[in-house]
Amino acid sequence: MGRVRELPLNFQAEIILCPDLGINRAMYNWGNLLLRTYDKDRAPPKLDLSLTHMGFATDNGAWYYYQTEEGLSYQDTLMAVKEYSERVGVKYRYLQIDSWWYYQDKESWGAHGVLNWTARPDVFPNGLDFVFNATSWPYVAHNRFWSNKTDYAIQNGGQFRFCMDDKKATPIDPGFWMYLFAYAKKWGVHVYEQDWLFAQFEENHCTLDSVTTAREWLVQMGEAGDV
């Protein structure tokens, strides 16, 4: 945060130091301190299918990470996974879909920022809701950082306010997350997976120059997820 140029009036920052015997105990007790500090309850694991049940993942390292069965679309590949799992008696309860399904800016910083968080027709010809309805597998849906060319931004003809960097963008409009999650629920999302957290800061003046933007970004996201 060495690039911060100004602080809001009466701004305060706190640091919680939590030493303990062993990494697991230290992390658990650190979490308890955060919950007490912000008057939050620990969410029971049963609220998250990805913690309580076995699912099928297409994350980095998985067989179907940016790869399908030969001659098949992702849609047909995943439908084949469903058919095979039923035939051999494997009861998957959710489907993790990684970054291969949405629109990306290949000229963006490093690992391609997101242009639009909707399914490409070459990947899901009938849409994500088709696979959800056919498999009954809720989605754990991956997302990364936003490109400064994202068409959600007012600056690019969209509806929502974004802070724009040279190659990245950070949403600063609470209505954006409400819109995005309401849309996602329609096609079966159960868990929103915000990946690439380091990229929200690296070479991004929106978060590096401000002591409030990153927190507001997370708070707005969390509040929309609670609706």
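The model is predicted, so I kept its limits in view: local features need pLDDT of at least 70, side-chain atom pairs count only at pLDDT 80 or more, and totals for chains, interfaces and linings use all residues. Residues are numbered from 1 along each chain as its sequence is written, and side-chain values use heavy atoms, with hydrogens and water left out.

R42 has a relative accessible area of 42%, so I noted R42 as partly exposed (buried is under 20%, exposed over 50%, partly exposed in between; 1.4 Å probe, protein chains only). Leaving aside residues up to four places away in sequence, R42 touches Y28, G31, N32 and L35 (contact: heavy atoms within 4.5 Å). I also checked R42 against Y139: they are 97 residues apart in sequence and 23 Å apart in space, C-alpha to C-alpha.

Next I checked W30, which sits in helix α1 (residues 23-37). W30 counts as partly exposed because its relative accessibility is 36%.

Last, I looked at helix α3 (residues 74-88) and helix α4 (residues 128-135), whose axes come within 11 Å and cross at roughly 10 degrees (axes are lines fitted to C-alpha atoms over the stretch in contact; angles run from 0 to 180 degrees between N-to-C directions).

Definitions and conventions
Helices (H or I, at least four residues) and strands (E, at least two) are DSSP runs, numbered from the N terminus.
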